[in-house]
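Work through the exercises below with the sequence and the 3D structure at hand, and try each task before reading its solution.

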Amino acid sequence: MKSRYQTARKWLIFWTLFIGIGAVAGAACMLIEPSGSIMGMDAMLPYFQVLPFASVLFQNFTFSGIALLIVNGLTNLTAAVLLLKNRRAGAILGGIFGVTLMLWICIQFYIFPLNFMSTAYFIFGLIQTITGYAAWVFARQEDFAAQQVAYHHVGENPRRLVVWALRHASLAHAHCPDCRRSERL
């Protein structure tokens, strides 16, 4: 049977690498040329003046580059590495960093007029969040175990109801207190 978690994990690897590498490249351009001329952003600098501490932090793109590198670059690349190592934390972090991207873009919606690039990246963040959530749900579903051997006294007493299909595998253990108590009755 094809693993839905693995499919969602692969898509989440794509999104975390796409956003992470793009953010690192954008941050590098902002740090190499703080005026923003490398990316054609020099005309956008006046829009930053609506932000708090604009006279200190937003006279060039240095602070923006550092923030982009930390908030969207390194975080998404960390999630990608965890996903590549097949760590379940990568799925959770990938979803969280999708939310972080959407929050970042909400700040851009406040600063800049509505534009295609910000809208596209907001949608990318939404897709990344949904993919991360799906990967987390699919992982939990695949970890679920409904094996009759893990549940005691099934079928032994017709007057006793043993519900075994709805218990999580981590809850099933060999000598549970309920089993010992029922044996004494």
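**Exercise 1.** Determine whether Leu-31 is buried, partly exposed or exposed, and where it is found.

*Solution.* Leu-31 has a relative accessible area of 36%, and it is therefore partly exposed, since buried means under 20%, exposed over 50% and partly exposed in between, with a 1.4 Å probe and protein chains only. Leu-31 is found in helix H1, where helices are DSSP runs of H or I with at least four residues, numbered from the N terminus. The model is a predicted one, in which local features need pLDDT of at least 70 and side-chain atom pairs count only at pLDDT 80 or more, while totals for chains, interfaces and linings use all residues. Residues are numbered from 1 along each chain as its sequence is written, and side-chain values use heavy atoms, with hydrogens and water left out.

**Exercise 2.** Describe the course of helix H3.

*Solution.* Begin with the span: H3 covers residues 62–84, and its 23 residues reach 31 Å from first to last C-alpha, close to the expected 33 Å, which is 1.5 Å times one less than the number of residues. Finally, just after H3, Asn-86 takes a positive phi of about 60 degrees.

**Exercise 3.** Identify what covers the buried residues of H3.

*Solution.* The buried residues of H3 include Leu-68, Asn-72 and Leu-83. Their cover, counted by contact (heavy atoms within 4.5 Å), includes helices H1 (4–32), H4 (88–111) and H5 (116–143).

Key. Helices (H or I, at least four residues) and strands (E, at least two) are DSSP runs, numbered from the N terminus.
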